[in-house]
Amino acid sequence: MRRIALLGSTGSIGTQALDVIKANPDSFELEVLTAHSNADLLVRQALEFRPNAVVISREDLYGQVRDALQHEDIKVYAGSNALCSVVEMGTVDMVLTAMVGYAGLQPTIRAIKAGKQIALANKETLVVAGQLITGLAKEHGVNIYPVDSEHSAIFQCLAGEFHNPIEKIILTASGGPFRGRTTAELAQVTKAQALKHPNWDMGAKITIDSASLMNKGLEVIEAKWLFGLRNEQIEVVVHPQSIVHSLVQFEDGSIKAQLGLPDMKLPIQYALGYPQRLKSAFPRFSFLDYPQLTFEQPDLKTFRNLQIAYGAMERGGNMPCVLNAANEVAVSAFLHDEVGFLQMSDIIESCMAKVAYIANPSYEDYVETDRETRVQAAGLIGRSA
């Protein structure tokens, strides 16, 4: 029985993780549920799964959650400090970080320092502070199990191969809803169009990142740290069917790929249950349903964000942190109809040019870089609105 703290239980990954936990009562027990602001759903989840504790990040919603659970044997906490404290509980074996964005960094650090195994769905943690996180994990003997479908695919392909050097990895990208569009066409796209991903059902932020290819850029940086790769060992190909989730090429030229239908429950279950493959009732893939699988080069000229992300990784230091913070602000602005689709890339590039570069940042440097970048990005949005 593995006891789970689920950070971000009301989001897309969180709700699917709960489906996995519910389907495997002999393997998993839920100890902690946390949410940012969806108090109603958090309460419903708590009543169904009966965790030891729940945390609502927004302190103004504490009373609502406390009152709804006052007759239950469930501890109720609020605020970012509580979020970081619950991951240290002695009854927690593994922390699934399904929070969105930079907010996942501090609780992940606290969980690692407490010796908890990590199932990582919050890619921004490694984008922002990959060197710090991987160093802490090594120091505290903590394993980081990837939940992103692409990184889970790489992890699965490496099973039994950890003694064999990797030549390169190939991350697949669906291309999003705007694959094949021109720059002029992208200038006219709407929020509603960008939120319609052809293959995956995800939250708003990651869906916009997928449409702009920034999600793939973040995944490239995440892969570097997860698998200890050099920058030139990470390749991206567009695969519109989203059946091949990623591939590994070894030094003898052989390539392994992990295939399956686009369903996040499989990589979630693999991370939570590793090294066991738990039986599931997930729909099965058939080649007869997909007689043609296609692959193509990403259009880096039109979809600049992937190229920008490669540039941030090449420069290193605090530049990926700048990239992430500027992107979070830009995506939020796009979702609030404050900027156009192409302006998001302009904002990110401008912030990377303006925020001071730090070659070997400390945790405090990451915090300050994130703060300064958000100020810069907000100013740019104010001028462009």
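Student: What's the handedness of the crossing where α14 passes α15?
Tutor: That crossing is right-handed, a term for the near helix being turned clockwise from the far one by less than a right angle, with anticlockwise being left-handed. Before we go on, this is a predicted model, where local features need pLDDT of at least 70 and side-chain atom pairs count only at pLDDT 80 or more, while totals for chains, interfaces and linings use all residues. Residues are numbered from 1 along each chain as its sequence is written, and side-chain values use heavy atoms, with hydrogens and water left out.

Student: At what angle do α14 and α15 pack?
Tutor: About 150°, with the axes of α14 (residues 319–335) and α15 (residues 343–354) 9 Å apart. Axes are lines fitted to C-alpha atoms, for helices over the stretch in contact, and angles run from 0 to 180 degrees between N-to-C directions. Helices here are DSSP runs of H or I with at least four residues, strands are runs of E with at least two, and both are numbered from the N terminus.

Student: Which residues of α15 make the contact?
Tutor: M344, I347, I348, C351 and M352, and they meet α14 residues including M319, V322 and F334. Contact means heavy atoms within 4.5 Å. By class the contact has twelve nonpolar, one polar and no charged residues. Nonpolar covers Ala, Val, Leu, Ile, Met, Phe, Trp, Tyr, Cys and Pro, charged covers Asp, Glu, Lys and Arg, and the others, Gly among them, are polar.

Student: OK, switching to α11. How far apart are the axes of α11 and α13?
Tutor: 7 Å, at an angle of about 25°. α11 and α13 are therefore roughly parallel; that label is for angles under 35 degrees, with over 145 roughly antiparallel, 65 to 115 roughly perpendicular and the rest oblique.

Student: And how is α10 set against α11: what's the angle?
Tutor: About 95°, with axes 5 Å apart. That makes α10 roughly perpendicular to α11. In α10, K205, I206, D209, S210 and S212 meet M214, N215 and L218 of α11.

Student: Which lining residues are closest to its centre?
Tutor: I144, F155, F162, L226 and F227, out of 19. The lining has 14 nonpolar, three polar and two charged residues.

Student: Where's the cis peptide bond?
Tutor: Between Y274 and P275, with omega about 10°. P275 is in the loop between α12 and α13.

Conventions. On a 1 Å grid over the protein atoms alone, a cavity is a set of points where a 1.4 Å probe fits but cannot get out, and a pocket is an open set with protein on both sides within 12 Å along at least five of seven lines; lining residues have an atom within 4 Å of a point.
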